[in-house]
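Me: I'd like to learn how to read a few features of a protein model. Could you walk me through them, one at a time?

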Amino acid sequence: MASAGAAALARALLAWALLALPLALPQPSGRQCVEEKEASFNTTYTDWVGANLLNIYAFNHSVRRNRTEGVRVSVNVLSDHKDLPVLFVVRQKEAVVSFQVPLILRGLYQRKYAYQEVSRTLCQPQTKAEVETQHFFVDVSTLSLNTSYQLRVTRVENFVLRTNERFSFNATASQPQYFKYEFPEGVDSVIVKVTSAMAFPCSVISIQDILCPVYDLDNNVAFIGMYQTMTKKAAITVQKKDFPSNSFYVVVVVKTEDEVCGGALPYYPLSKDASPDEPVDQHNRQKKLEVMVSPAITSEAYVSSVLFCLGIFLSFYVLTLVIACWESCRQQKRKGLLAAMDSPSLDTGVPHRPPEPLVSPSSPGTKGGRGHPGAWVLVLWGWQGCAGAWASHQVCLFLSTASRGLPASLLGHARSIPDSFLGHAPYDSYGYGSFGNGSSSSAEGVTDSMGSAEVTYGYMGQEQFKRRTPSAPMRPLSIAMGERSLENVAGRPRLDSLSSIEEDDYDTLADIDYDKNVIRTKQYLCVADLARKDKRVLRKKYQIYFWNIATIAVFYALPVIQLVITYQTVVNVTGNQDICYYNFLCAHPLGNLSAFNNILSNLGYVLLGLLFLLIILQREINYNRALMRNDTHALECGIPKHFGLFYAMGTALMMEGLLSACYHVCPNYTNFQFDTSFMYMIAGLCMLKLYQKRHPDINASAYSAYACLALVIFFSVVGVVFGKGNTAFWIVFSVIHIVATLLLSTQLYYMGRWKLDSGILRRILHVLYTDCVRQCSGPMYVDRMVLLVMGNIINWSLAAYGLIVRPNDFASYLLAIGICNLLLYFAFYIIMKLRSGERIKLIPLLCIIGTSVVWGFALFFFFQGLSTWQKTPAESREHNRDCILLDFFDDHDIWHFLSSIAMFGSFLVLLTLDDDLDCVQRDKIYVF
């Protein structure tokens, strides 16, 4: 009973409290009054409103079906009541727009900005009648006691934008603007260009469908449609298929802050008495802009541009085929001519006699007389050597027997070392000459024709060891090299299988290792000294380069393609065009791709890389045929032919095109590594190929080479993520750069015959003491020392530049290091080639000249800088420019065209640079 009484008492107290609550709330001083007024356009209404008064302004205007007029409502609150704002509600037939004044907009870190003057353009409802009168109402209310304001409603002139006509207007953060554009007949896509003479205040350009409400404030403009930030330039390509109504709104909003456009944050004043949450008045933050809508290119332009791109690069296939046919015809004529020279002894039945020397003792080359006419025939036809792709075995036999009497200047078989190369007469103690096995392995059973005797040598302070030397006194290197004939190597085994052949099989024996110490550390080396390993072993070694890069390409490209497709999907779904750094003034969409032209222009890398692979394949087939028929020149003459690195270079060029296309699907700061990864590989492979030409036995293996390139790409990623302005990173990288340069220099100088172990410091001090303190002697390998000193100067300078300047684009900085080293080594190779008495034939000379010219033009277009992700997207668009070729391709596309051609030409230079040595024995080709 007691509990039931308590419950009844509680219910009675609750009912009393609910009845007394309305009396406790503050009540208006009087009844609220609603005042409705008929209003007209272009009239300024100055009035007041309070808590007891609600003002309603009624407007009406005629709407035509074929004509759209914009209506703009502008208000200005004259009283300063930030805590009790005035609320304006515009009621239309199909939409309601409401806003408060002061208008509060938020910026970075939730900063508040207050605006007393607000203007909004009303959304225009559609009508089906020819003419319709529509009404709308503007309600004004507030909770303050008395607030004065001004209200004005006007019609917007030029609300509908016209094609190819410029229109200027002003906008602020609280007074945004938007305009309507309707697609004309026959126009499927247009480009909306907005420009301004002033970079700041920062603004946003948005393209929205014809829907109500229109999102035209800083805090909601990104809700729908496509948008991008802007300082001085903005451009958005709009396609008709994306807008069912065949029209759209161009919305321009001025942002409250400039930080997103690269500007500084405004000073945020805070007084001692003010609240940190108090809004700031930005006063007059106004921007003058100009908008123009122009038609984009038609579908015919896409087709013609694709055909143009294909035509350029397929013409290289046609040109290659024409040159191959022409060269084949030359070789056929040459074989027929040489066969005709032997025909008399074959037709008359006269017993065959050995051919006369092509140059008699009384020839002009030997103090007067008349030479054999065959020599002049060879000069007339410009004999280019009988080894290689287009020579016949019969021609080689003819030259091998006839070359005894032919001058050295014609065939190059009896050259001596030029004094300009040696600088002095060759040392007998170091001029060991080439070994009798030439380019063959020591296991091939070819013995030195000279007698042998056991002689003890002391070498470089090392332990003495024995080596077979000639029993006769050793003659100068030039004489020993000049008398070697091709006849003693006529019988060579055919090209065997690669199975059961390993490179280490020839490096595990102690005598072979000692042999390496003797050979590789001679003062003057020939290619035969560094081409002693079995060709099958080296072929297998260098084939790994191709298979490794093919594997790397697959595993690298697949996730990259998936990632950039995701980027493009995000751009298309969100409409945020600040994600990708295009040249928006020349970005032609196709399907889901925003800039198809930047992707198409990378086709050259793929097609020319494939053409280079086909050229290498044909060369390898011809070379293997020569080996199968025991062609003596293929076995013993010229730079040793290894094609694995060439295959890797062609594959890298194709992958560069694919990954560059992936990068241009959505170019930005994080994707740039896709565009540069295979550039690092191309630079590294080219340097390895140059080194391999004259150092085939000691060139780096594919595993170590790709491991080093992987380390470079690792530093590229780390630099992109952490390197911007990070002093610690730059110090660590510079130290690693310098140490790596020193280690590589030591490896190259000593031809790999040194060890990095605990005794390295002791050996360094010993060398410094003996060569610098005890006696001042110059470097033993002068040419190598010159190259390495120059390389160290350049690399140390680049390391110092990076440490001091700390460039934002670390990937390009790293690529510049690789390119500088490649150019230095290539220039050194050319200079040393000419200095050693060799020559550059016509085709590689034309390739060098043409490639240099193309590189010059390519770099000109590269440095135009149409966009840069080192700045904000809005600042990057300041560099955007119109198309310059077929109204489809921009400067960067021209860079793609020219650089792909230049890279292809550079590869051809490496391929043909030493063709002049195809008939020169390897023990007469010098190493540098």
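**Reading the features**

Reply: Happy to! L743 belongs to helix α16, and keep in mind that the model is predicted.

Me: Is L743 buried, partly exposed or exposed, and why?

Reply: L743 counts as partly exposed because its relative accessible area is 37%, and partly exposed covers the range between under 20% (buried) and over 50% (exposed).

Me: Which residues make the nonpolar surface patch?

Reply: I731, V735, V739, L743, Y801, L803, I804 and V805 make a nonpolar surface patch of about 710 Å². Two or more of the patch residues come from each of α16 (727-749) and α18 (782-805). Here is the general idea to keep in mind: an α-helix has 3.6 residues a turn, so residues three or four places apart point the same way.

Me: Why is α13 described as largely enclosed?

Reply: Because 20 of its 22 residues are buried, α13 is largely enclosed by the rest of the structure.

Me: Now strands. Which residues lie on each side of β16?

Reply: The general idea comes first: in a regular strand the side chains alternate between the two faces of the sheet. In β16, M226, Q228 and M230 are on one side, while Y227 and T229 are on the other. Both faces are covered, as these residues are all buried.

Me: How many bridges join β15 to β16, and do they run parallel or antiparallel?

Reply: Five bridges join β15 (residues 203-209) to β16, and the strands run antiparallel. As one example, S203 has M230 of β16 as its bridge partner.

Me: Where are the cis peptide bonds you wanted to show me?

Reply: For these, look at omega. The bond from V101 to P102 is cis, with omega near 5°, and P102 sits in the loop between β6 (96-101) and β7 (103-106). Another cis bond joins C212 and P213, where omega is about 0°; P213 is in the loop between β15 and β16.

Me: Last one: what is the phi of N246, and of N630?

Reply: N246 has a positive phi of about 60° although it is not a glycine. N246 lies in the loop between β17 (233-239) and β18 (247-254), and counts as partly exposed at 34% relative accessibility. N630, also not a glycine, has a positive phi of about 55°, and is found in the loop between α11 (603-628) and α12 (632-636).

Conventions: Residues numbered from 1 in each chain as written. Predicted model: local features only at pLDDT ≥ 70, side-chain atom pairs only at ≥ 80, totals over all residues. Heavy atoms only, no water. Buried < 20%, exposed > 50% of the residue type's maximum accessible area, 1.4 Å probe, protein only. Helix = DSSP H or I, 4+ residues; strand = E, 2+ residues; numbered from the N terminus. Pairing = 2+ DSSP bridges. Patch = residues over 30% accessible without salt bridge, like charges linked within 9 Å, V, L, I, M, F, W, Y side chains within 5 Å. Areas by Shrake-Rupley, 256 points an atom, 1.4 Å probe, with all protein chains shown as cover. Salt bridge = Lys/Arg side-chain N within 4 Å of Asp/Glu carboxyl O.
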